[in-house]
Amino acid sequence: MRAAVASGLRGVWWYLREVSGETAYERHVARHRVEHPDHPPPTRREFERARQDRADARPQQRCC
Amino acid sequence: MTTSYRSTPPSPDSPEPPRSRPSALSIGIWILVAVVGAVCWGVVALVRDEHISAVWLLGAALGSYAIAYRFYARWISRKVLGADDTRATPAERLENDLDYQVTDRRVLYGHHFAAIAGAGPLVGPVLAAQMGYLPGTMWIIVGVIFAGAVQDMIVLFFSMRRDGKSIGQMAREEIGPVGGAAALIGVMAIMIILLAVLALVVVNAMAASPWATFSIAMTIPIAFFMGFYLRTLRPGQVMETTVIGVALLLLALVAGGWVEDSSWAEAFTLSPETLVFCLIVYGFVASVLPVWMLLAPRDYLSTFMKIGTIALLAVGIVLARPVMENAAVTDFATNGEGPVFAGALFPFVFITIACGALSGFHALIASGTTPKMIEKESQIRMIGYGGMLAESFVAVCAIICASIIDPGLYYAMNMPAGALGATLQSASDAVASIGFTVTPDQLQAAATAVEEDTLVARTGGAPTLAVGMSAIFSDAFGGGGQAFWYHFAIMFEALFILTTVDAGTRVGRFMLQDMLGNVYKPMGDVSWKPGVYVTSAIVVAGWGYFLYAGVTDPLGGINQLFPLFGIANQLLAAIALTVVTTLMIKHGKLKWAWVPGIPLAWDAAVTLTASWQKVFSDDPILGFFAQRERFSDAIAAGEVLPPATNMDDMHQVVTNTTVDGILAAFFAILVVVVLADAARVCIRTLRAGGEAETTEVPYVRSEIVAPSGLIPTKEEKRAMASAASGGDDGGDRR
């Protein structure tokens, strides 16, 4: 029972982090390691900044 | 993710996976769902002369959704569209960490729902409740199953097969330059009206309410704080920032109550005209500033508030089991003389419900970011169809909220201010004149319960919804607190309407820059400051004009503009359905073209009838030009007609009705142009043998193994396990 609740809560946390885009950096680093193993990945600050600035040119449409 | 692709010849004819026979258990469960749904429908439709519980409506809705999702949607996805999980999606083929990103289906569902859900399904059903709860509920449920969800899923499918092209691009490439241009202009014009009407809802909710104005104003500094926190202090820590933001938001909400009782109250008691000015400035600033400062953090807040509140509302309805006070069908459904919006059930209930049953705007989302992130083709059912079912469920909750409050209070809140007069007595008399009763004391008591000065003529739908929600919440969760819940509901709606207004202004600016860039190159550069300022100003001026006209309209802005918004949204749906029906025919699927074709025929009939009546009806309460003639004749005779109180009002009515009438005609003409152009393409295709070249991207085999629906089936689990043991991480990342 306790294990089920714990795994449920872990699932919710996983979901919230994924939906909010918090995991984008982790994903990027993993991909970067495979594709450019000889370059260091960007720091979190650099990555998030670049991501935010890109979002400027791509506004997410919100509906009625 | 894999980076090399094995190209194989086009997919075999039957992309369907081998089917296992349904188990006896599954057959039993689906029979049970069908029976429960049918019983709920029976109670909703047949019980008369006594008030039924709102839970029956929820049961009818959920039972119908389950059956439609399991059977109709799956059939469309497999048979009609031929969604093929061996075919790589654009996210897999073009993955670039930017637009194209393979995304877990459950996460993408969240993104897609957050993008499509807004104030429309909350406001429309509240207004449609004037015809009783039955017509609205029936259209919300039947409409979503056969029209709205079908549109969203098919648009998503065709866009996905074209690397995520927008509906405008598809119209241009698959129909032609004329149809494409008409679709593009339609999208732009419709967006302007949409933003104006949504902003009008917020203005009506905030006007003369210091509590609401204070708490909503505070969302701006809170968003700034969150933006800077995420940018400089804790880059990327979205959850942490959102938790802080929500806490501050609730504090602002409680503080609103203190402000109302303090000497600050006066500073936050603003007239509608002042609020319009504030919103216009805000919209301009939000469109010009970088998104991380204001727009992105607001979006986090509003998304979490939106989903949390809707979930809370569904739980609240089940716990409180409120009783429907509204009639199942009112006389206004047939006589067309309803005070909230004019016109009879056909076509106006379908226009007014708008977003909860069929929303053209969703076609923009379903052909925007979502198709670029989808992992497997068959997931269009869960995301496209399932996302729209959730939106429809929101609309059912909204019609319940509007129908559990006393009908007398409902009309006192939603009739035009001019008809209700200045006092509680005159409002009570006005309500009595249309056959309902509410005493001045009851009106006062209702306002006092939610700590507002008055609830009379609080049009726009948001306050009505908030009264209904506060009754449900305070009943379900005990402890009263009606005033808190009322302002909570207002804040929740205002928050995501404002998010739509600033995101919409920005999207509108990008569209305009894109269009003007064809004429004068630098305009197309989205970082060229003069271009940014000029186009932002044009977009803001566009919706600002309608907002101001709506706020000052003597006939009641929402009463005049909401039908225009509904028509615009449904006409956009007609454009989207036309594009996908044409595509079905070009793909040689004439046999199945009725799947989007029937909703298209229905939607075209509804909206063109409504536009026709709005333009040509001789009845001055229905037709814009008849209304105009009546007022201009009176001006010529030197008379002032109520609800206008002076000559300026009279001239304003003439101006507004002229603009509204021209717009209604203009929208209808755009759609007729698209329909005619599409018919030309379809006929040409059929004459040439029934198939034509399209812009569909050729088949590439997929390397990803992932489930199709929410819960993986046994076979899918096995396939994922074997893919994972093969050393490939292309499976479900959890």
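Of the 64 residues in chain A, buried ones make up 16%. This is a predicted model, and its scores are ipTM 0.94 and pTM 0.93.

Chain A has 3 helices and 0 strands. Its elements run α-α-α from the N terminus on. The radius of gyration of chain A is 16 Å, well over the 11 Å from the globule rule for 64 residues, so chain A is more spread out than a compact globule. Along the principal axes, the C-alpha atoms of chain A fill a box of roughly 45 × 45 × 20 Å.

Next comes the contact between the chains. Chain A gives 27 residues to the contact, and chain B gives 44 residues. On the side of chain A that touches chain B, the elements with two or more residues are helix 1 (2-19), helix 2 (24-35) and helix 3 (44-56) of chain A. Helix 3 of chain A supplies the largest share of that side, 8 residues. Sorted by class, the side of chain A that touches chain B holds 10 nonpolar, 6 polar and 11 charged residues.

Now turn to chain B. Chain B has 28 helices and 0 strands. Its radius of gyration is 26 Å, close to the 27 Å that the globule rule gives for 734 residues, so chain B is as compact as a globular protein of that length. Its C-alpha atoms fill a box of roughly 75 × 60 × 55 Å, taken along the principal axes. Of the 734 residues of chain B, 57% count as buried. Among contacts in chain B with a separation of 6 or more, 80% come from residues 24 or more positions apart.

How confident is the predictor in chain B? What is the mean pLDDT of chain B? The mean is 92, and 96% of the residues of chain B reach 70 or more. Two stretches of chain B call for care. Over residues 1-15 of chain B, pLDDT stays under 50, and the model has 20 contacts for them beyond four places in sequence. Over residues 727-734 of chain B, pLDDT also stays under 50, and here the model has 18 contacts beyond four places in sequence.

Helix 6 of chain B deserves a look. Helix 6 (residues 133-160) has 28 residues. From its first C-alpha to its last, helix 6 of chain B reaches 37 Å, close to the 40 Å expected at 1.5 Å a residue. Where does helix 6 of chain B bend? The bend is at B:Val144, by about 65 degrees. Helix 6 of chain B is mostly covered, with 25 of its 28 residues buried.

Past helix 6, look at the backbone. Most residues other than glycine have a negative phi, and most peptide bonds are trans. B:Asp163 has a positive phi, near 60 degrees, and is not glycine. B:Asp163 sits in the loop between helix 6 and helix 7 (167-174) of chain B. Is B:Asp163 buried or partly exposed? B:Asp163 is partly exposed, because 18 other C-beta atoms lie within 10 Å, while a buried residue needs 20 or more.

B:Ala354 also has a positive phi in a residue other than glycine, near 45 degrees. The loop between helix 14 and helix 15 (361-366) of chain B holds B:Ala354. B:Ala354 is buried, because 32 other C-beta atoms lie within 10 Å.

Cis peptide bonds come next. One joins B:Phe346 and B:Pro347, with omega about 5 degrees. B:Pro347 is found in helix 14 (residues 345-353) of chain B. Another cis peptide bond joins B:Pro642 and B:Pro643, and omega is about 5 degrees. B:Pro643 has its place in the loop between helix 26 (624-636) and helix 27 (647-687) of chain B.

The last stop is B:Gln101. B:Gln101 lies in the loop between helix 3 (90-94) and helix 4 (105-116) of chain B. B:Gln101 counts as buried because it has 20 C-beta neighbours inside 10 Å, and 20 or more is the cut-off. Which residues does B:Gln101 touch, not counting those up to four places away in sequence? They are B:Ala91, B:Glu95 and B:Met373. B:Ala398 is 297 residues from B:Gln101 in sequence, and the two are 35 Å apart in space, C-alpha to C-alpha.

Technical notes. Residues are numbered from 1 along each chain as its sequence is written. Chains are lettered from A and ligands numbered from 1 in the order in which they are written. This is a predicted model: local features need pLDDT of at least 70, side-chain atom pairs count only at pLDDT 80 or more; totals for chains, interfaces and linings use all residues. Helices (H or I, at least four residues) and strands (E, at least two) are DSSP runs, numbered from the N terminus. The radius of gyration is taken over C-alpha atoms; the globule rule is 2.2 Å times the number of residues to the power 0.38. A residue is buried if 20 or more other C-beta atoms lie within 10 Å of its own, exposed if 12 or fewer, and partly exposed in between; C-beta atoms are placed from the backbone. Two residues are in contact if their C-beta atoms, placed from the backbone, lie within 7 Å. Ala, Val, Leu, Ile, Met, Phe, Trp, Tyr, Cys and Pro count as nonpolar, Asp, Glu, Lys and Arg as charged, and the others, Gly among them, as polar. The expected span of a helix is 1.5 Å times one less than its number of residues. The bend at a residue is the angle between axes fitted to the seven residues ending there and the seven starting there. pLDDT is the predictor's confidence in each residue, from 0 to 100.
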